[in-house]
Amino acid sequence: MMNKKFAMLGATAILTLTITGQSFAAGVAFTDLANIPAKDKIISLQQKGYIQGVSSDRFDPKGTLTAAQGIQLLVNAFDLNIDLLRFIKEPHATDYFPKANDAAWYANTLIIAANNNIDLSKDLDPGAAWTKEEFTHHLILAMGTSSNLQMIKIKPMEFGDQGQLSTAFDGSVQLALVLGIAKLDQNNNFKPQEKITRAEAAELVYNALAYIEEHPAPAQGS
């Protein structure tokens, strides 16, 4: 829920924010995707401007995904925004996340995410590595915010390391598996507590966008 001091006011001008900082030209091909299973999906996301590399030509697919990187990816891919919000004063990332840096490249992204109900903790550390279950949880919420994802009743899947799932993320992980957005490995495990790589996160986002395209939500009022 948005902090009361940032309540919407009809007489206030809309604050427009753009994501800056860690972004590189989408036209420059990544040179470090050889032998990466999700290579084609990563290239597709790059061409659409949804993902950036760690440099102009490197994606670092095996690198761990930080919270800031993950949030930027979700904001970009699902077109999260604050276009319709009106603020009493200019918001800062630290208003929502005290561990953030208002001068960092991710600051505007965090403000947008904080106002889009993807369940980010106030204790969020932008530089901390996200686990598979964490990213999957926030992905499913971003997906729902973006696409008006319909509530569906699912039959939970059983898998080898299901007991390692955190209670707070169980529902999101189960939904991602049932919808085919996330996959189990060859040993029937999800590895929820393992740090997610940048390539794995990109693949999940690609799969989520593909699901939305294949299953458009009914028009409101229909």
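## Terms and model

Angles of 65 to 115 degrees between axes count as roughly perpendicular, and those under 35 degrees as roughly parallel. The model discussed here is predicted.

## α5 against α6

Helix α6 spans residues 167-178. The axes of α5 and α6 come within 8 Å and cross at roughly 70°. The two helices, α5 and α6, are therefore roughly perpendicular to each other.

On the α5 side, the contact uses E133, E134, T136, H137 and I140. These meet A168, F169, S172, V173, L175 and A176 in α6. By class, the residues of this contact divide into 6 nonpolar, 3 polar and 2 charged.

## α2 against α5

How are α2 and α5 set against each other? They pack at an angle of about 20°, and their axes are 10 Å apart. So α2 and α5 are roughly parallel to each other. Their crossing is right-handed.

From α2, the residues G70, L73 and L74 take part. Their partners in α5 are F135, H138, L139 and A142. This contact has 5 nonpolar and 2 polar residues, with no charged ones.

## α2 against α7

The pair α2 and α7 also packs at about 20°. Here the axes lie 11 Å apart. The helices α2 and α7 are therefore roughly parallel to each other. The crossing of α2 and α7 is right-handed.

Q69, L73, L74 and A77 form the α2 side. R198, A201, A202, V205 and L209 form the α7 side. The contact of α2 with α7 divides into 7 nonpolar, 1 polar and 1 charged residues.

L73 and L74 of α2 meet α5. L73 and L74 also meet α7.

## The cavity

Rolling a probe the size of a water molecule over the atoms shows where empty space is left. How many cavities of 30 Å³ or more does the count give? The count comes to 1. The largest cavity holds about 110 Å³ of space.

Its lining has 13 residues. I51, Q52, Q69, L73 and R198 lie nearest the centre of the largest cavity. The largest share, 4 residues, comes from α2. By class, the lining of the largest cavity has 7 nonpolar, 5 polar and 1 charged residues.

## The pocket

What is the volume of the largest pocket? The largest pocket has a volume of about 500 Å³. It is lined by 23 residues. Nearest its centre lie K132, T197, A199, E200 and E203.

Which elements each supply at least two residues of the lining of the largest pocket? They are α5 (132-147) and α7. The largest share of the pocket lining, 5 residues, comes from α7. By class, the lining has 11 nonpolar, 4 polar and 8 charged residues.

## Overview

Helix α2 packs roughly parallel to α5 and roughly parallel to α7. Helix α5 is roughly perpendicular to α6.

Notes
Residues numbered from 1 in each chain as written. Predicted model: local features only at pLDDT ≥ 70, side-chain atom pairs only at ≥ 80, totals over all residues. Heavy atoms only, no water. 1 Å grid on protein atoms, 1.4 Å probe; cavity = no way out; pocket = protein on both sides within 12 Å on 5 of 7 lines; lining within 4 Å. Points joined across faces, edges and corners; volume = space filled by probe spheres on them. Nonpolar A, V, L, I, M, F, W, Y, C, P; charged D, E, K, R; others polar. Axes fitted to C-alpha atoms, helices over the stretch in contact; angles between N-to-C directions. Parallel < 35°, antiparallel > 145°, perpendicular 65-115°, else oblique. Left-handed = near helix turned anticlockwise from the far one by under 90°. Contact = heavy atoms within 4.5 Å.
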